[in-house]
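Subject: Structure handover

Hello,

The structure is below, with notes on what was found in it after that. Please look it over when you have time.

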Amino acid sequence: MTAITQDHDDLAYNVFAKACPSRGTLEHVTGRWGGLTLGALYEGSLRFNELRRRVDGVSEKMLSQTLHALERDGLVHREAQPTNPPRVDYELTPLGRRVAERLLALIHCVEGAMDDVLAARAHYDETRGAL
């Protein structure tokens, strides 16, 4: 048994189990828009449209759904100001910051390895593209 498996067996939740609620949270965090939203909010509190501009390509509907899911999971805090027009700010909770830190480490790893990834893709396409 590896250390990772052994440590995992001591946890109350098991993301590899189909019915485990942690699986849904992992999907919210690692999904296309969830990861980018958490990464953007790590830089600080943002209003909805600021966040939408920061997460290039996300639709208003998808960002709204993503924020609702992350808020429900306790990763994002939504602060509505009773002003006219209404002002709504989003920021990470302490749990959201911990998750985003780990996620950003993965993002930086991927960004730093892109030359290797692009070379691997080119090699793959070159050797298998003729199939």
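A pocket here is an open set of points, on a 1 Å grid over the protein atoms alone, where a 1.4 Å probe fits and which has protein on both sides within 12 Å along at least five of seven lines; a lining residue has an atom within 4 Å of a point. The model is predicted: local features need pLDDT of at least 70, side-chain atom pairs count only at pLDDT 80 or more, and totals for chains, interfaces and linings use all residues. Residues are numbered from 1 along each chain as its sequence is written, and side-chain values use heavy atoms, with hydrogens and water left out.

Pockets

The largest pocket holds about 220 Å³ of space (volume is the space filled by probe spheres set on the points, which are joined across faces, edges and corners). Its lining consists of Gly35, Leu36, Gly39, Ala40, Glu43, Arg54, Val55, Asp56, Leu104, Ile107, His108 and Glu111. Two or more of these residues come from each of H3 and H6 (helices are DSSP runs of H or I with at least four residues, strands runs of E with at least two, numbered from the N terminus). By class, the lining has five nonpolar, three polar and four charged residues (nonpolar: Ala, Val, Leu, Ile, Met, Phe, Trp, Tyr, Cys and Pro; charged: Asp, Glu, Lys and Arg; polar: the others, Gly among them).

The second largest pocket has about 180 Å³ of space. H2 (22–30) and H6 each supply at least two lining residues, and H2 gives the most, with four.

Thr66 sits in helix H5 (residues 60–72) and counts as buried because its relative accessibility is 10%.

The largest nonpolar core has 20 residues, with Leu38, Leu41, Leu51, Leu67, Val76 and Tyr90 making the most contacts inside it (such a core is a set of buried Ala, Val, Leu, Ile, Met, Phe, Trp, Tyr and Cys residues joined through side-chain atoms within 4.5 Å). H3 provides the largest share, four residues. Beyond four places in sequence, the contacts of Val76 include Leu38, Leu41, Leu67 and Tyr90.

Regards

Technical notes
Buried < 20%, exposed > 50% of the residue type's maximum accessible area, 1.4 Å probe, protein only. Contact = heavy atoms within 4.5 Å.
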